[in-house]
Amino acid sequence: MKKIKPNKIRNHSLSDQIGQTALVVCLTVIGILMLFPFFWAFSTSLRLPKDSFSLPPAFFPTEWRWENYAYIFKALPFGRYLINSIVVVVSIVAVSLLFSSMAAFSFAKLHFKGQNIMFIYIICGLMIPFQSIVVAQFLIVSRMNLIDTPLALILPYIANPFGIFLLRQFMAGIPNSYYDAAVIDGCNKFRIYWNVIIPMSVPSLVVVAFIQFIAQWNNFFAPLIYINSTEKFTLPMGMQTLKGFRSAGSLAYILAGVMISLVVPSVVYIIGQKHLIKGTLLSGLKS
(Lines give C-alpha, C1' and ligand atoms only; values in the text may rest on other atoms or scores of the structure.)
Protein backbone atom coordinates (compact mmCIF):
# COMPACT_ATOMS: atom_id res chain seq x y z
CA MET A 1 0.00 0.00 0.00
CA LYS A 2 1.38 3.38 -1.06
CA LYS A 3 2.21 5.67 1.84
CA ILE A 4 1.06 9.33 1.62
CA LYS A 5 3.69 11.83 2.60
CA PRO A 6 2.84 14.21 5.52
CA ASN A 7 3.79 17.24 3.39
CA LYS A 8 1.17 16.29 0.80
CA ILE A 9 -1.49 15.99 3.51
CA ARG A 10 -0.58 19.42 4.92
CA ASN A 11 -0.62 21.03 1.45
CA HIS A 12 -3.97 19.43 0.68
CA SER A 13 -5.41 20.64 4.01
CA LEU A 14 -4.05 24.17 3.43
CA SER A 15 -5.56 24.37 -0.06
CA ASP A 16 -8.91 23.20 1.36
CA GLN A 17 -8.83 25.95 3.99
CA ILE A 18 -7.96 28.60 1.38
CA GLY A 19 -10.79 27.35 -0.85
CA GLN A 20 -13.28 27.42 2.05
CA THR A 21 -12.20 30.94 3.07
CA ALA A 22 -12.50 32.20 -0.52
CA LEU A 23 -15.95 30.63 -0.78
CA VAL A 24 -17.12 32.25 2.48
CA VAL A 25 -15.78 35.67 1.41
CA CYS A 26 -17.41 35.36 -2.02
CA LEU A 27 -20.79 34.32 -0.54
CA THR A 28 -20.59 37.13 2.05
CA VAL A 29 -20.02 39.74 -0.68
CA ILE A 30 -22.91 38.33 -2.77
CA GLY A 31 -25.15 38.32 0.32
CA ILE A 32 -24.34 41.96 1.10
CA LEU A 33 -25.01 42.96 -2.51
CA MET A 34 -28.37 41.14 -2.45
CA LEU A 35 -29.34 42.78 0.85
CA PHE A 36 -28.23 46.24 -0.25
CA PRO A 37 -31.64 47.22 -1.79
CA PHE A 38 -33.31 46.12 1.44
CA PHE A 39 -30.95 48.26 3.54
CA TRP A 40 -31.48 51.22 1.22
CA ALA A 41 -35.28 50.86 1.45
CA PHE A 42 -35.07 50.71 5.26
CA SER A 43 -32.78 53.74 5.33
CA THR A 44 -35.07 55.72 3.00
CA SER A 45 -38.11 54.85 5.12
CA LEU A 46 -36.48 56.82 7.96
CA ARG A 47 -35.62 59.95 5.97
CA LEU A 48 -37.45 63.23 5.76
CA PRO A 49 -39.88 62.92 2.81
CA LYS A 50 -38.12 65.81 1.04
CA ASP A 51 -34.77 63.98 1.29
CA SER A 52 -35.94 60.86 -0.60
CA PHE A 53 -34.51 62.08 -3.92
CA SER A 54 -31.83 64.46 -2.67
CA LEU A 55 -28.60 64.79 -4.68
CA PRO A 56 -25.98 63.59 -4.16
CA PRO A 57 -27.74 60.51 -2.70
CA ALA A 58 -26.77 59.49 0.84
CA PHE A 59 -27.11 55.98 2.19
CA PHE A 60 -27.82 57.01 5.78
CA PRO A 61 -30.56 59.55 6.58
CA THR A 62 -29.51 62.91 7.99
CA GLU A 63 -32.35 62.62 10.52
CA TRP A 64 -33.74 59.29 11.76
CA ARG A 65 -37.51 59.77 11.57
CA TRP A 66 -39.13 56.75 13.24
CA GLU A 67 -42.36 58.75 13.23
CA ASN A 68 -42.70 57.91 9.52
CA TYR A 69 -43.91 54.48 10.67
CA ALA A 70 -46.41 56.02 13.07
CA TYR A 71 -47.65 58.36 10.34
CA ILE A 72 -48.91 55.61 8.02
CA PHE A 73 -51.00 54.16 10.87
CA LYS A 74 -52.48 57.63 11.48
CA ALA A 75 -53.04 58.52 7.82
CA LEU A 76 -54.58 55.16 6.85
CA PRO A 77 -56.20 52.19 8.63
CA PHE A 78 -52.97 50.29 8.00
CA GLY A 79 -53.52 47.99 10.99
CA ARG A 80 -56.89 46.98 9.52
CA TYR A 81 -55.23 46.25 6.15
CA LEU A 82 -52.67 44.09 7.94
CA ILE A 83 -55.33 42.11 9.81
CA ASN A 84 -57.38 41.68 6.61
CA SER A 85 -54.34 40.30 4.81
CA ILE A 86 -53.52 37.88 7.62
CA VAL A 87 -57.11 36.58 7.80
CA VAL A 88 -57.38 36.09 4.03
CA VAL A 89 -53.94 34.52 3.55
CA VAL A 90 -54.13 32.19 6.57
CA SER A 91 -57.59 31.01 5.46
CA ILE A 92 -56.39 30.31 1.92
CA VAL A 93 -53.24 28.50 3.05
CA ALA A 94 -55.06 26.33 5.63
CA VAL A 95 -57.92 25.22 3.37
CA SER A 96 -55.72 24.90 0.30
CA LEU A 97 -53.19 22.77 2.20
CA LEU A 98 -55.93 20.42 3.43
CA PHE A 99 -57.48 19.94 -0.02
CA SER A 100 -54.13 19.70 -1.82
CA SER A 101 -52.73 17.10 0.58
CA MET A 102 -55.89 14.96 0.37
CA ALA A 103 -55.83 15.10 -3.44
CA ALA A 104 -52.10 14.34 -3.51
CA PHE A 105 -52.59 11.35 -1.18
CA SER A 106 -55.30 9.91 -3.41
CA PHE A 107 -53.14 10.30 -6.53
CA ALA A 108 -49.99 8.94 -4.87
CA LYS A 109 -51.27 6.03 -2.77
CA LEU A 110 -54.75 5.04 -3.94
CA HIS A 111 -55.67 3.36 -7.18
CA PHE A 112 -58.90 4.23 -9.01
CA LYS A 113 -60.17 4.39 -12.57
CA GLY A 114 -59.08 7.49 -14.53
CA GLN A 115 -56.47 8.41 -11.91
CA ASN A 116 -53.78 9.51 -14.37
CA ILE A 117 -56.24 11.42 -16.60
CA MET A 118 -57.59 13.33 -13.60
CA PHE A 119 -54.06 14.15 -12.43
CA ILE A 120 -53.09 15.47 -15.89
CA TYR A 121 -56.34 17.45 -16.02
CA ILE A 122 -55.51 19.16 -12.71
CA ILE A 123 -51.91 19.84 -13.74
CA CYS A 124 -53.20 21.49 -16.93
CA GLY A 125 -54.57 24.20 -14.64
CA LEU A 126 -50.98 25.42 -14.22
CA MET A 127 -50.87 26.37 -17.91
CA ILE A 128 -53.95 28.62 -17.84
CA PRO A 129 -53.09 32.28 -17.11
CA PHE A 130 -55.27 33.97 -14.52
CA GLN A 131 -56.14 36.82 -16.91
CA SER A 132 -57.91 34.38 -19.27
CA ILE A 133 -60.38 33.21 -16.59
CA VAL A 134 -60.84 36.41 -14.63
CA VAL A 135 -64.09 37.42 -16.38
CA ALA A 136 -65.72 34.01 -15.84
CA GLN A 137 -64.47 33.96 -12.25
CA PHE A 138 -65.82 37.44 -11.59
CA LEU A 139 -69.26 36.45 -12.96
CA ILE A 140 -69.36 33.35 -10.72
CA VAL A 141 -68.35 35.33 -7.63
CA SER A 142 -70.89 38.02 -8.52
CA ARG A 143 -73.70 35.45 -8.94
CA MET A 144 -72.83 34.11 -5.48
CA ASN A 145 -73.22 37.66 -4.07
CA LEU A 146 -69.69 37.59 -2.69
CA ILE A 147 -68.43 40.85 -4.17
CA ASP A 148 -66.88 43.10 -1.53
CA THR A 149 -66.57 40.25 0.96
CA PRO A 150 -63.43 38.41 2.19
CA LEU A 151 -64.83 35.16 0.74
CA ALA A 152 -64.35 36.64 -2.75
CA LEU A 153 -60.62 36.72 -1.99
CA ILE A 154 -60.51 33.24 -0.43
CA LEU A 155 -62.74 30.83 -2.40
CA PRO A 156 -61.20 31.27 -5.90
CA TYR A 157 -57.70 30.56 -4.54
CA ILE A 158 -58.13 27.44 -2.44
CA ALA A 159 -57.55 25.22 -5.50
CA ASN A 160 -53.78 24.81 -5.86
CA PRO A 161 -52.67 22.57 -8.79
CA PHE A 162 -48.98 23.24 -8.11
CA GLY A 163 -49.39 22.20 -4.48
CA ILE A 164 -51.14 18.99 -5.54
CA PHE A 165 -48.33 18.24 -7.97
CA LEU A 166 -45.54 18.90 -5.47
CA LEU A 167 -47.17 16.94 -2.64
CA ARG A 168 -48.09 14.06 -4.93
CA GLN A 169 -44.46 13.74 -6.06
CA PHE A 170 -43.25 13.72 -2.45
CA MET A 171 -45.89 11.26 -1.23
CA ALA A 172 -45.20 8.93 -4.16
CA GLY A 173 -41.63 8.66 -2.85
CA ILE A 174 -42.82 7.36 0.54
CA PRO A 175 -42.38 3.56 0.50
CA ASN A 176 -45.63 1.60 0.17
CA SER A 177 -44.50 -0.62 3.05
CA TYR A 178 -45.70 2.12 5.47
CA TYR A 179 -49.12 2.08 3.82
CA ASP A 180 -49.28 -1.76 3.86
CA ALA A 181 -48.22 -1.91 7.52
CA ALA A 182 -50.96 0.57 8.46
CA VAL A 183 -53.55 -1.49 6.55
CA ILE A 184 -52.45 -4.64 8.42
CA ASP A 185 -52.83 -2.72 11.70
CA GLY A 186 -56.46 -2.00 10.76
CA CYS A 187 -56.19 1.68 9.77
CA ASN A 188 -58.71 3.02 7.31
CA LYS A 189 -57.66 5.32 4.45
CA PHE A 190 -58.25 8.56 6.35
CA ARG A 191 -56.18 7.39 9.33
CA ILE A 192 -53.37 6.35 7.00
CA TYR A 193 -53.53 9.81 5.38
CA TRP A 194 -53.68 11.70 8.66
CA ASN A 195 -51.49 9.61 11.00
CA VAL A 196 -48.92 8.12 8.60
CA ILE A 197 -48.53 10.13 5.39
CA ILE A 198 -49.06 13.69 6.68
CA PRO A 199 -46.40 13.50 9.46
CA MET A 200 -43.90 12.21 6.88
CA SER A 201 -44.79 15.00 4.46
CA VAL A 202 -44.29 17.97 6.79
CA PRO A 203 -41.27 19.45 4.90
CA SER A 204 -43.12 19.43 1.55
CA LEU A 205 -46.26 20.79 3.23
CA VAL A 206 -44.23 23.70 4.59
CA VAL A 207 -42.83 24.43 1.12
CA VAL A 208 -46.32 24.46 -0.43
CA ALA A 209 -47.67 26.58 2.44
CA PHE A 210 -44.86 29.11 2.13
CA ILE A 211 -45.19 29.44 -1.67
CA GLN A 212 -48.96 29.89 -1.34
CA PHE A 213 -48.49 32.35 1.54
CA ILE A 214 -46.13 34.60 -0.42
CA ALA A 215 -48.27 34.45 -3.57
CA GLN A 216 -51.42 35.49 -1.72
CA TRP A 217 -49.68 38.00 0.55
CA ASN A 218 -48.64 39.93 -2.57
CA ASN A 219 -51.91 39.36 -4.44
CA PHE A 220 -52.98 42.78 -5.68
CA PHE A 221 -55.24 41.77 -8.57
CA ALA A 222 -57.97 39.98 -6.58
CA PRO A 223 -58.74 42.77 -4.06
CA LEU A 224 -58.56 45.28 -6.91
CA ILE A 225 -61.39 43.41 -8.68
CA TYR A 226 -63.53 42.17 -5.82
CA ILE A 227 -63.20 44.70 -2.99
CA ASN A 228 -64.86 48.13 -3.03
CA SER A 229 -64.90 49.16 0.63
CA THR A 230 -61.76 50.83 1.93
CA GLU A 231 -61.97 49.09 5.32
CA LYS A 232 -61.84 45.68 3.57
CA PHE A 233 -58.64 46.40 1.63
CA THR A 234 -55.67 44.08 2.05
CA LEU A 235 -52.05 45.28 2.32
CA PRO A 236 -51.32 45.46 -1.46
CA MET A 237 -54.34 47.75 -1.93
CA GLY A 238 -53.34 49.72 1.14
CA MET A 239 -49.87 50.19 -0.32
CA GLN A 240 -51.44 51.48 -3.51
CA THR A 241 -53.45 53.97 -1.45
CA LEU A 242 -50.25 55.04 0.28
CA LYS A 243 -48.72 55.63 -3.12
CA GLY A 244 -51.30 58.33 -3.70
CA PHE A 245 -52.90 59.88 -6.74
CA ARG A 246 -50.51 59.74 -9.73
CA SER A 247 -47.81 58.33 -7.44
CA ALA A 248 -47.58 61.66 -5.61
CA GLY A 249 -47.14 59.99 -2.21
CA SER A 250 -43.94 60.32 -0.22
CA LEU A 251 -41.38 57.60 -0.93
CA ALA A 252 -40.37 57.58 2.75
CA TYR A 253 -43.93 56.73 3.83
CA ILE A 254 -44.35 54.14 1.05
CA LEU A 255 -41.15 52.34 2.03
CA ALA A 256 -42.16 52.47 5.70
CA GLY A 257 -45.31 50.59 4.63
CA VAL A 258 -43.19 48.14 2.64
CA MET A 259 -41.00 47.45 5.68
CA ILE A 260 -44.08 46.75 7.82
CA SER A 261 -45.51 44.46 5.14
CA LEU A 262 -42.28 42.40 5.25
CA VAL A 263 -42.56 41.62 8.97
CA VAL A 264 -45.15 38.83 8.73
CA PRO A 265 -43.50 36.93 5.80
CA SER A 266 -40.15 37.20 7.61
CA VAL A 267 -41.61 35.74 10.81
CA VAL A 268 -43.24 32.92 8.83
CA TYR A 269 -39.93 32.18 7.11
CA ILE A 270 -37.97 32.14 10.37
CA ILE A 271 -40.48 29.76 11.98
CA GLY A 272 -40.60 27.37 9.01
CA GLN A 273 -36.97 27.73 7.88
CA LYS A 274 -35.87 24.29 9.09
CA HIS A 275 -38.69 22.42 7.33
CA LEU A 276 -38.46 24.71 4.29
CA ILE A 277 -34.84 23.70 3.64
CA LYS A 278 -35.69 20.04 4.16
CA GLY A 279 -38.66 20.30 1.82
CA THR A 280 -36.71 21.93 -0.98
CA LEU A 281 -34.28 19.02 -0.89
CA LEU A 282 -37.21 16.59 -1.23
CA SER A 283 -35.10 13.76 0.11
CA GLY A 284 -36.67 10.33 -0.37
CA LEU A 285 -37.40 7.97 2.50
CA LYS A 286 -35.93 4.51 2.65
CA SER A 287 -37.92 1.50 3.67
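1. Y157 is buried, with a relative accessible area of 12%, where buried stands for under 20% relative accessible area, exposed for over 50%, and partly exposed for what lies in between (1.4 Å probe, protein chains only). The model is predicted, so local features need pLDDT of at least 70 and side-chain atom pairs count only at pLDDT 80 or more, while totals for chains, interfaces and linings use all residues. Residues are numbered from 1 along each chain as its sequence is written, and side-chain values use heavy atoms, with hydrogens and water left out.

2. The secondary structure of the protein chain comes to 14 helices and zero strands, both being DSSP runs numbered from the N terminus (helices are H or I with at least four residues, strands are E with at least two). Of the 287 residues in the chain, 36% count as buried.

3. How many aromatic pairs does the count come to? The count comes to 19, with rings of Phe, Tyr and Trp (its six-membered ring) pairing if their centres lie within 6.5 Å, and with planes under 30 degrees apart called stacked, over 60 edge-to-face and the rest tilted. One of these pairs joins F130 and Y157, and this pair is tilted, at 6.1 Å centre to centre and 35 degrees between the planes. The two partners come from distant parts of the chain, 27 residues apart, since F130 is in helix α5 (residues 130-143) whereas Y157 is in the loop between α6 (151-154) and α7 (161-172). F130 counts as partly exposed because its relative accessibility is 21%.

4. Ring pairs also link F73, F78, Y81 and F233 into a cluster. I83 lies in helix α3 and is partly exposed, with a relative accessible area of 45%.

5. L98, found in helix α3, is partly exposed, with a relative accessible area of 37%.

6. Side chains of opposite charge can pair when their charged atoms come close. The structure holds one salt bridge, a term for a side-chain nitrogen of Lys or Arg within 4 Å of a carboxyl oxygen of Asp or Glu. The partners are E67 and R65, with their closest N and O atoms 3.5 Å apart. E67 is partly exposed, at a relative accessible area of 39%, whereas R65 counts as buried, at 17% relative accessibility.

7. Charge and ring meet where the charged end of R168 sits over the ring of F119, 4.8 Å from its centre; the rule asks for NZ of Lys or CZ of Arg within 6 Å of the ring centre and within 35 degrees of the ring normal.
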